[in-house]
Protein chains: 4
Amino acid sequence: MVRVAILGATGYSAKELIRLLLAHPEAKITALTTRQDDQPNLGDVHPVLRGRLDLKLENLDAAEVAKRADCVFCCLPHAASAEVIKELLPLGPRVVDFSADYRLNDAATYTKWYDHDHPDAARMAETVYGLPELYRERIVKSQLVANPGCYPTSTILALAPLLKAGLISADGIIVDSKSGVSGAGRTPKANLHYPEANENFSAYGVGSHRHTPEIDQVLSDFGGKATEVVFTPHLVPMDRGILTTAYSMPAKAIDAAAILAELKKFYATEPFVRVVDGLPTTKDVTGTNYCDVTARVVRGRVVTISVIDNLIKGAAGAAVQNFNLMYGFDETTAL
Amino acid sequence: MVRVAILGATGYSAKELIRLLLAHPEAKITALTTRQDDQPNLGDVHPVLRGRLDLKLENLDAAEVAKRADCVFCCLPHAASAEVIKELLPLGPRVVDFSADYRLNDAATYTKWYDHDHPDAARMAETVYGLPELYRERIVKSQLVANPGCYPTSTILALAPLLKAGLISADGIIVDSKSGVSGAGRTPKANLHYPEANENFSAYGVGSHRHTPEIDQVLSDFGGKATEVVFTPHLVPMDRGILTTAYSMPAKAIDAAAILAELKKFYATEPFVRVVDGLPTTKDVTGTNYCDVTARVVRGRVVTISVIDNLIKGAAGAAVQNFNLMYGFDETTAL
Amino acid sequence: MVRVAILGATGYSAKELIRLLLAHPEAKITALTTRQDDQPNLGDVHPVLRGRLDLKLENLDAAEVAKRADCVFCCLPHAASAEVIKELLPLGPRVVDFSADYRLNDAATYTKWYDHDHPDAARMAETVYGLPELYRERIVKSQLVANPGCYPTSTILALAPLLKAGLISADGIIVDSKSGVSGAGRTPKANLHYPEANENFSAYGVGSHRHTPEIDQVLSDFGGKATEVVFTPHLVPMDRGILTTAYSMPAKAIDAAAILAELKKFYATEPFVRVVDGLPTTKDVTGTNYCDVTARVVRGRVVTISVIDNLIKGAAGAAVQNFNLMYGFDETTAL
Amino acid sequence: MVRVAILGATGYSAKELIRLLLAHPEAKITALTTRQDDQPNLGDVHPVLRGRLDLKLENLDAAEVAKRADCVFCCLPHAASAEVIKELLPLGPRVVDFSADYRLNDAATYTKWYDHDHPDAARMAETVYGLPELYRERIVKSQLVANPGCYPTSTILALAPLLKAGLISADGIIVDSKSGVSGAGRTPKANLHYPEANENFSAYGVGSHRHTPEIDQVLSDFGGKATEVVFTPHLVPMDRGILTTAYSMPAKAIDAAAILAELKKFYATEPFVRVVDGLPTTKDVTGTNYCDVTARVVRGRVVTISVIDNLIKGAAGAAVQNFNLMYGFDETTAL
């Protein structure tokens, strides 16, 4: 039984993570933290979990967390996350970080997109990007795993195999993503007020969303050629789910069947990627750790469509998948 | 042409009011106010109105408002509203007040439900409750009209004629109302954050909602017998619309046909109440100033069902209807 | 390991049931049926289950079902369900019936509300109503269990303990329920077409909904006095969830604290009923087998508010709970 | 006063059109048709219009329509529309056609995308595409106007000025559009059943949507160079609104400011296109005839974002705008 702590347990990803871990036969949640001063019961923070786990959210320091837990899931905001993790790691626990802090390899890129210096830059390059479908072997051996962003997961799973196989060009890739509102977090904001977000559809962060360098990096690394995508996220009036429509140029004459065949070959043994012939919808994966993906060729352009549940495969589910790999459990346990 | 000012123009009711008045051939909006210090353009506050009216929202005092406008629509919160109106009235303008300040006749009742003394108590009893279907003649002659609450409008229009005709008892009336989220206003709150309110249904203010004494008062006044209702409002995951299901005891043996006949007779010449045989839905009245109402008898209990658009018949539309009456325009103008 | 068949596996309740049973360590799904002629794969019928269970939906007769399964979950429409079940039972399997066929004890009542004679009337009176919180002991020993309706579950769990304890009167109970759209089933209909049901709220089946006699019967049986409720169901623009607001007369002078205390006492050891002090929302129980319930006293009337997920505690979860009881598994397994 | 007939008055576009025309001081609706045999009242077909117009929907032939109306709005499906219109035109009425029948100039293209021969091919090339912002002068003089498709309107208004000005290349344009569900029409379908479409986001018609050749044609015509777009429509869980994100290559070095300047210049005197600096959302135009559009340059790619209400600027509003032009009324009347 692995003792587990969750830092920053008030958000949506943490709620989903707790729900998943409560059904995990090898995990025992022993600490939940918040940076607020009161110590609310879990059931008051997340009413859906009322009566399922008798724990308070506490304001704990790294030493206390390390004492109580073997594995720490860190759901803090960027920067705050690295500040804690650099204290935690020398004390022994293994860590899955939900923030963006250890996803990028390069400190300068981080500074450019996040507008501040990285609190633990030395550890960036060596930390594995926790997408099991691409980096499973490194995850297994890691003390620290950077859980991927939600948009990047949906994008990379569709494109990386095609870049790797040389079927599409690394140049001119357009990533048009659409996400449910839970991806924007739990803090009330004017544009997320129900009567504003409901019955509304919008683009945001055009050309400036922080998931961009993360997509660039992994596609470049895995495809073997420097890649810069044009990334446009959009907000969909629904709770959860991401659909990414990506447009790329074929690297050679190719049809949809060949692309689907490559994707099916690449993911043949993967438990959580389903390459489908039809057009997947976000509801096909709601509440699951699956990524469904398909591809078409339209007027000489490759169009891939991929869907995930942003809170599961895009956050908490991926974290549990990484946890399973790190501790040698069946990768699908509790998923 | 009547020069019109709108005080507190940032909210949803004000937005709807501006939209209606822009199509009114006899109204000209000459002032919009906000209590904030910056002076935003209307189009920045309400993007849907961009380019339709070139006005800033200004922080104006009563004297300036009175100088610019013949009629003032006051969309301020309770208490703040009465504070301004008692300054405005002696300066001449006629006023339609969206707040609850002048709806109740009795200062003690106001204090009990609103937790503070009324700023202008002397004017309470003499001010007409602006529901044209019940008080048209008084509205026509009034300098100040108290625009009704949204829940009370939907409730009173269904029950008042039946009380008046002696068809139902004034005792034991239960009012179970359901409202879209715009009724809760534009200020972001935790429970109105999109991922909290979406796909969710809840009761709130059980036994304590401030529309209760307003319903009591009008039903008592119109029915001629002291009435206290049990009122339970609920929040529906949609932008707008109220449906009220009310349960009352018949005062004598009666069937649904007789109740419907009474309602049809009562509203025979009303332009904005449609007594229907089928079950009305909120979407039947979305974007309109209509109230649709029907009735059934179930196991000896009278069940009435009524629907309005909370922002129109429940707020801005009623205000325009009152405005039309006050100035002698056709009552349906711009509605 | 119990071999399980699911009859009528195309609907929403069946989808939810399959999802739950796939995580049940003691159940193995061995047959899925449809009355259609083609034999679609499960993943084509319910894309979210793609790749999780390699079974076709087949058109099987009772004998074949009995051969393949120890326990049969019957998700067929009323009448069709009893027709199959009366064939199945003599062949040995235990059965959980999702339809209304065996919920009522009285054939005449059934005929009155369902407009046809009962196909297996002799078995009605002896069949247990599968609400574990009220009838656990009988469920444990039954070959056939009538899984409760969704509205009745939400209603009965709030009111039955109060009737039993003599805190409320059996007369004049009003049940105002609100349900998400999945409760209306998977068949496309004009009023459930997205642009009709979205942003809309409506009452339906006023005075005629078939869950009425079911509520009457259980409240009468458990409260010990003939009870006829006024029941009004409403449609909420959301996928799932029921909130029931019930109004009853106290049988003696009583306050909310005493009612809450009685509910807490009654449900003290129940794993799936949470008596809460605050006002529960449907989202507090979404995706769970919980019923959250609270109570207030408003102007001398008892107001209870209860919420369930209509597809789980109101259907598939209740069925799994019954299954666990019937086979001696921990009652919370897979829930 | 122009006497107006609406053919095929049961759908969402017709409902919106009737609503707009009821407020038009120069239009009088004199006939509504349906191809069904019963003759329902308008209020039964569209409850929101109950009591607003006392007309039945009738099954009328062309001769009768021509007798009753000066102007005919045809809301019939493609092919059915041309069949009626070719009979109507010789009888005298002017016609605004909502279908796709007269939008394309080329019969072979029509046959390729619509899978049948055009019933009135000779009239295709001469019929004006009813987008006033591009073809106002021809509309004014036309007996028949082809009202544009909703997706094309949102796409063309963003891109045509940039092509015309030579700022973007005609090659490699990607059009990623997202539409509310009303665009799919009023006929219930499995994928538009509320519990399927709600909380779901999907792509559809990838590479095969019939609005593709319409976009191609107008961009080619207006830009002066053959253009073939990659067009991907998506379904958003909301009633109405389209947002189109289009990606194109600059034809020369250019920044966002220059593109916005060009758009502002082009639309300087247009009443219904608002070029905005911020990112527009669909709710900014809900219920209006506006198209809001903006542009960015991201990593060397031009990204335009445009929004319309698909039922107004994308259908009924455009039709009224055309009607106003055809009859010499102020172009904004009733809009």
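**View 1. The open sheet of chain C has 7 strands**. Welcome to this predicted model, in which local features need pLDDT of at least 70 and side-chain atom pairs count only at pLDDT 80 or more, while totals for chains, interfaces and linings use all residues. The strand order is S3-S2-S1-S4-S5-S7-S6, with parallel pairing. Strands (E, at least two residues) and helices (H or I, at least four) are DSSP runs numbered from the N terminus, and two strands pair if DSSP finds at least two bridges between them. Strand S3 (57–58) and strand S6 (128–129) of chain C form the edges, each pairing on one side only.

**View 2. Here strand S2 of chain C meets S3(C)**. The two run parallel and are joined by 2 bridges. Look for C:Thr33, which sits opposite C:Glu58 of S3(C).

**View 3. Helix H4 (residues 80–88) of chain C packs on the sheet**. This helix touches strands S1 (2–7), S4 (71–74), S5 (94–97) and S7 (144–146) of chain C. Its direction makes about 170° with that of S5(C); axes are lines fitted to C-alpha atoms, for helices over the stretch in contact, and angles run from 0 to 180 degrees between N-to-C directions.

**View 4. B:Ile18 and its surroundings come into focus**. Leaving aside neighbours within four places in sequence, B:Ile18 is in contact (heavy atoms within 4.5 Å) with B:Ile6, B:Ala9, B:Ile29, B:Leu32, B:Leu42, B:Leu49 and B:Leu53. Side-chain values use heavy atoms, leaving out hydrogens and water.

How values were computed: Residues numbered from 1 in each chain as written. Chains lettered and ligands numbered in written order.
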